[in-house]
Amino acid sequence: MLNFLALGPLEVWDGHTRVALGGRRQELLVGALLLDAGRVLSVDGLVEVLWGAGPPRTAVGQIRDRVRRLRGVLGADLARYLVTRQGGYCLDVPDEACDLRVFDRRLDRARAARDAGAADEAAAAWAAALGLWRGRPLSGLDSPAFDSAVTRWEERRLTAVEDWAEVELARGRHRDLVADLAGHVAEHPLRERLRGGLVLALYRSGRHADALAECAEARRVAWAELGVEPGPALRDLERAMTTGDPSIDVPAAAPVPRQLPPDTARLVGRTTALARITGGTLTLVTGPAGVGKTTLAVHAAHRIRDRHPGGELFANLGGGLRRVDPGDVQRRFLHALGAPSVPGDPEERTALYRSTLADRRLVVLLDDAADEAQVRPLLVGAGSAVIVTSRSRLPGLTSADVVELSPMDLADAVDLLAAVVGRDRVAADPGAAAALAGYCGHLPLALRTAAARLLTRPRWSLADLAARLAGERDRLDVLAAGDLTVRASLGVSYEGLDPAAATTLRRLARLGVPAAPAWIAHALLDAPAEAVLDALADAHLLDVDAPDGLGRVRYRLHDLVRLYAAERSLAEDSPTDWDAAARRVLGGWLAQADRQPPVFLPALPPVAPRWPAPQTDPAASPGTPAPPATPPAVPVASSGRPVAPADPDRVAWYEAERESLLATVRNVPLPAVAELIYQVSGLLSLRSDWPAWREAAESTLALLRGPGDRRAEGRLLCVLGELLVHLSDLAPAREHLERAVAVLEETGDRHLVGYALDLLGVVTRMEQDLPAAEGLFRAALRTMTRHADRSGAGHVRHDLAVLRYRQGRPGEAARYLRRALEDHVAAGAHDAAGHCWFWLARIHRERGDLAGAERSLVAGAAEFRTAGDLRGTALVGIERGRLLLDRGEYAPAGDELDRALAVFRADGDRRGQAMCLRVRGEIRLRAGRPADARRDLDAALALCETLGNPGWLAEVRDLLAEVDAGGVPIDVC
């Protein structure tokens with residue numbers, strides 16, 4: 001790269017080789033272009049530079065020729081810089097390729113550093129700028145055209161010398177300045193600022209007589225040359241010396257505070273956040289307790305300390321629990337910066353604080369701020385970097401770049417463990433490391449605490465510590481090591497809450513709902529909770545989820561926050577208060593469940609009190625009035641039985657609320673929970689959601705021991721029996737249903753006895769005792785008829801139809817199914833109607849009426865879609881696969897079974913999976929894929945053996961025998 005040097009004799013360098021320009025006129029041409037670099041110089045102007053007032057007639061042509069020769073001498077690089085413009089030429093070299101421009105850039109850096117209080121940096125920049133000078137600009141190329149430009153550059157050099165001397169004097173470098181300044185003054189005796197610098201350097205060096213002699217010489221020169229006294233600055237300096245004014249003594253070195261905490265913790269991850277902090281001027285780092293805000297902020301501050309020579313200031317603002325007055329912090333910072341006294345008046349102190357810090361480049365770290373009012377008085381000028389950490393979002397700091405930290409991802413969490421305990425130890429059991437990270441909630445504080453426990457117990461494996469953390473009861477006790485304790489960190493956040501927010505947090509945690517809609521907080525507090533939820537979210541004690549399928553915002557607690565707050569609830573909420581809060585939540589669920597009536601079991605009159613849960617999320621619609629205590633009316637069919645909604649809204653409600661419902665059932669041990677389980681039982685079959693609710697029903701059943709609980713016990717036994725039938729767990733299903741019949745007879749719930757008898761008939765039919773099953777069905781049908789329950793009668797007729805089908809009497813089965821369809825259509829029971837169409841399709845198919853089977857499947861699919869029943873839709877898929885198998889359309893048949901199997905696997909429905917695998921195995925067998933068929937049929941066999949269904953077992957074994965026989969049906973072997 002070419003370098004052009006004009007601050008002295010003109011030189012052009014190509015790397016380490018000096019370029020010969022080809023004569024004096026060529027050098028004049030380059031010099032002229034350099035002095036006006038970046039601007040167009042006219043041809044006439046160049047003629048004047050080269051020849052003065054008497055140019056030859058061929059001057060213009062010679063200029064063009066010399067430019068052409070210059071381009072040839074300097075090569076391709078110059079061709080990029082020396083460009084032709086209308087009327088002249090322009091030499092536009094990069095800043096770094098011309099010493100004139102480098103000089104200007106270094107002066108800019110020096111002045112900026114001086115203004116920011118970085119005296120060392122400023123002095124170095126001025127020295128570097130002056131070091132570029134090798135003599136008078138373009139010396140040796142005397143041309144009147146250069147005189148004014150050269151004079152301007154000389155003036156800039158002298159001003160730079162004066163600025164440099166001023167900074168060096170402020171740095172206490174007076175002794176080193178004397179010789180340099182004496183030379184400059186001798187060369188420029190009328191420049192009073194230069195002479196003033198020399199006088200002050202002499203005085204501070206202890207050469208008072210020499211300093212006064214310089215003042216006298218300045219007066220002599222001024223009178224001789226100008227006929228005036230020296231200027232006021234030099235006269236004031238002379239007076240100060242003669243009076244011993246201390247203001248001109250050597251200034252005390254400004255203290256440079258170094259208050260940052262040590263950067264001891266290894267930072268893992270957080271690369272994006274770190275880049276934002278180190279690149280900003282005012283950054284707010286916010287996030288929940290233990291997420292690593294201070295560690296990241298301290299690391300970032302150390303990263304940028306070299307860019308801020310004024311020093312570093314640090315203050316722990318104490319958060320909301322031990323809130324530090326910002327005036328005290330101002331006072332401490334001012335003392336650290338050398339202020340001799342600090343005003344007591346807040347306004348005067350703030351003014352002094354801002355003035356003192358205005359010209360300095362500092363790093364200011366304000367840790368654990370409680371609010372904006374604590375931070376604002378401590379903000380400083382634009383040259384400094386301010387980093388604030390807070391557990392709250394501080395929305396009032398509108399000019400701050402907000403860096404919000406969340407728990408680490410799994411990879412970074414495991415990497416942090418490895419950084420502390422050693423990579424070999426983590427690599428030996430990565431599964432335990434991942435489990436440990438999960439129990440720590442991926443929070444850096446918890447991870448470091450767990451790692452510290454491992455360091456102090458070298459014989460413990462990661463699996464040992466993971467096992468100790470697995471139990472929620474003792475987890476916070478285990479997460480404590482020395483001064484690292486998760487409980488204490490969470491306690492700081494909790495103690496800073498107002499009473500309403502603390503109560504809401506405690507009760508939400510104890511309820512254990514994973515993602516609570518706002519109405520639950522309202523119920524727990526028994527007061528509007530919108531502002532409380534906002535405050536908890538701002539304090540990072542609640543996470544706000546995106547709206548769910550119902551369009552409602554939900555609030556989620558981090559696991560460790562939940563454990564801590566639940567502890568506080570046990571200690572602070574009286575049993576009476578907690579019982580009342582739990583009953584309100586339970587009443588809210590019941591009020592909503594009343595709008596989702598059972599599908600199989602009949603709706604019953606409310607028993608437990610309802611709480612008026614809002615129909616819309618209060619957080620989404622502030623000010624929404626509470627609905628009336630009586631829930632909206634449910635549509636009623638002619639039979640008097642409530643009709644299930646004829647749209648998928650109930651499915652969306654159940655999917656959105658499932659986890660919250662289960663958490664309430666597990667954590668609210670009240671007898672009224674039995675009523676809630678009964679109310680939602682009809683929705684479970686829509687998603688084959690039986691195992692979790694079996695566990696919930698069994699645990700609730702254990703609560704129903706009082707004499708007043710018998711009615712609830714009978715109803716819950718009926719629900720539990722239905723769940724066990726769906727799970728094909730026949731022995732306990734029979735036991736619970738027989739108990740249900742006895743208890744329901746005792747309590748007078750004779751209508752519900754009919755449902756228990758119907759379920760007992762299903763159990764008996766599955767046990768292959770078909771005559772006994774028919775007797776139970778007949779008894780159930782009489783009960784339904786006695787109570788004018790058409791929907792219930794439709795269920796029994798459906799079960800009688802399946803019985804007739806199993807007995808090999810498909811015609812009678814079809815007649816029962818048609819009667820059941822009439823009952824279900826009259827009751828508006830779409831899900832039950834879909835099951836009738838499913839069985840009619842099977843009967844049509846087995847009779848060879850494939851068109852009738854297809855029509856029935858279309859009707860059944862429509863009913864299941866209306867009901868939002870994915871399981872029913874999957875059953876239709878199985879039967880459609882059978883129909884396509886009979887048509888020899890194996891590929892589309894397999895596709896139907898693949899889709900159905902995915903539904904049953906997602907729901908954990910073993911019965912559905914067994915049916916799918918059995919049919920898909922047969923499809924693959926007929927399609928000539930015996931290996932694939934065996935895999936499906938072996939899996940179906942294992943499931944059928946677990947389910948204990950003899951009929952299914954026989955079918956699967958027959959198909960496996962065909963596989964063994966090479967695909968030939970057994971009955972023709």
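**View 1. An open sheet of three strands with the order 1-2-3 and antiparallel pairing.** Strands are DSSP runs of E of at least two residues, numbered from the N terminus, and two strands pair if DSSP finds at least two bridges between them. The edge strands are strand 1 (2–5) and strand 3 (17–18), each of which pairs on one side only. The model is predicted: local features need pLDDT of at least 70, side-chain atom pairs count only at pLDDT 80 or more, and totals for chains, interfaces and linings use all residues. Residues are numbered from 1 along each chain as its sequence is written, and side-chain values use heavy atoms, with hydrogens and water left out.

**View 2. Antiparallel pairing of strand 2 with strand 3.** Strand 2 comprises residues 11–14 and is joined to strand 3 over two bridges. Trp13 stands opposite Arg18, a residue of strand 3.

**View 3. Strand 10 (residues 385–390), a mostly covered strand.** Six of the six residues of strand 10 are buried, that is, under 20% relative accessible area with a 1.4 Å probe and protein chains only. In a regular strand, side chains alternate between the two faces of the sheet. In strand 10, Ala385, Ile387 and Thr389 point one way, while Val386, Val388 and Ser390 point the other way, and all are buried.

**View 4. Parallel partners of strand 10, namely strand 7 and strand 9.** Strand 7 (residues 282–286) pairs with strand 10 over five bridges; here Ile387 is the bridge partner of Thr283. Strand 9 (residues 363–367) pairs with strand 10 over four bridges, and Val363 has Ala385 of strand 10 as its bridge partner.

Key: Buried means under 20% relative accessible area, exposed over 50%, partly exposed in between (1.4 Å probe, protein chains only).
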